[in-house]
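Subject: Structure handover

Hello,

Here is the structure for your work, followed by notes on what was found in it. Please read the notes alongside the coordinates.

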Amino acid sequence: MREGDIIQGLIRGLTVIECFDEEHARMSITDVAQRTGLERATARRCLLTLAHLGYAIYDGKFFQLTPRVLNLGHSYLAATPLPRLIQPFLEELSHATSESTSAAVLEGTDILYVARASTRRVMSINLGAGARLPAYCTSMGRTLLAALPREDAQAILDRSDIVAYTERTKADMATITTELAVVAAQGFAVIDQELELGLCSIAVPLYNAIGQVVAAINIGAQTARAPTSRMIAHFLPLMRKVQAEVRPLLR
């Protein structure tokens, strides 16, 4: 790809959209400039353009995204068969286990949720299609990282902001690298209160028809209700079944 083929204005506009989140839902021009590293004048033009197109509203001081931004995510979901294909399987798995199930893909240093069947809220944050979590400390993230060539996984870890969310988080590079080797060997990942105390999860990769890992699915639950030992003994076989049923359907 040549440098001249890249539209820098589009990059800046998308960067501005992505800087809004749950903790920064309303921001001034200065706030956006600081969060994106853009010049204030550039941030202002991007924000005013988004407001002009209906992707943001402006009250004279603060900007806020509008629901129209969801059209961007809907375009992906509409054009990608995975979310539609996997949803019935997640719902069946959720019904069989009475726990919440999800599917995600790797996006940069994060996992991006593309489908979910929720029986109850298990985390302090809302999860749904479009939600993101760090790959290095999530069961689906480790499953997807373990499927990559070692140097590619290492490059992602090097770019990750690795912090300890709880006292149980594996937050040093050597431990994470060792854990990825274990995940690759056993074919599943288990997280025990590393992202949030009281929460554990188990994940397996989803393969397409030619054996490529294209996504991961997981089951998340409160530790008191479904400790990791129960997940491995009772949930993993059900997830393996979904894994096998979905494989010939993914191209």
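Predicted model: local features only at pLDDT ≥ 70, side-chain atom pairs only at ≥ 80, totals over all residues.

Cysteines

I started with Cys137. Its sulfur lies 15 Å from the closest cysteine sulfur, which belongs to Cys200, and that is too far for a bond, given that a disulfide needs two cysteine sulfur atoms within 2.5 Å. Cys137 is also buried, because its relative accessible area is 0%, and buried means under 20%.

The search over the whole structure gives zero disulfides. Cys46 is likewise in none, the nearest cysteine sulfur being that of Cys19, 9.8 Å away. Cys46 has 11% relative accessibility and therefore counts as buried.

An unreviewed UniProt entry carries the annotation "domain: HTH iclR-type" for residues 7-67. In the model, that span is 54% helix and 13% strand, and its end C-alpha atoms lie 25 Å apart.

There is an open sheet of three strands, in the order β1-β3-β2, with antiparallel pairing. Its edge strands are β1 (26-27) and β2 (56-58), each of which pairs on one side only. Between β2 and β3 (residues 63-65), which run antiparallel, there are three bridges. Within β3, Gln64 is the residue that stands opposite Ile57.

Ala203 is part of strand β8 (residues 199-207). Is it buried or exposed? Ala203 counts as buried, because its relative accessibility is 0%.

Leaving aside residues up to four places away in sequence, Ala203 touches the following:

- Ser139, Met140 and Thr143
- Phe188 and Ala189
- Ile217, Asn218 and Met239

A further pair to note is Ala203 and Met231: they are 28 residues apart in sequence, and their C-alpha atoms are 9.9 Å apart in space.

A helix pair

Helix α7 (residues 150-159) and helix α8 (residues 173-186) have axes that come within 12 Å and cross at roughly 145°. On the α7 side, the contact is made by Arg150, Ala153, Gln154, Leu157 and Asp158. On the α8 side, Met173, Ile176, Thr177 and Leu180 make the contact. The crossing of α7 and α8 is right-handed.

Regards

Key: Residues numbered from 1 in each chain as written. Heavy atoms only, no water. Buried < 20%, exposed > 50% of the residue type's maximum accessible area, 1.4 Å probe, protein only. UniProt positions renumbered as here; feature names shortened; annotations may be inferred. Helix = DSSP H or I, 4+ residues; strand = E, 2+ residues; numbered from the N terminus. Pairing = 2+ DSSP bridges. Contact = heavy atoms within 4.5 Å. Axes fitted to C-alpha atoms, helices over the stretch in contact; angles between N-to-C directions. Left-handed = near helix turned anticlockwise from the far one by under 90°.
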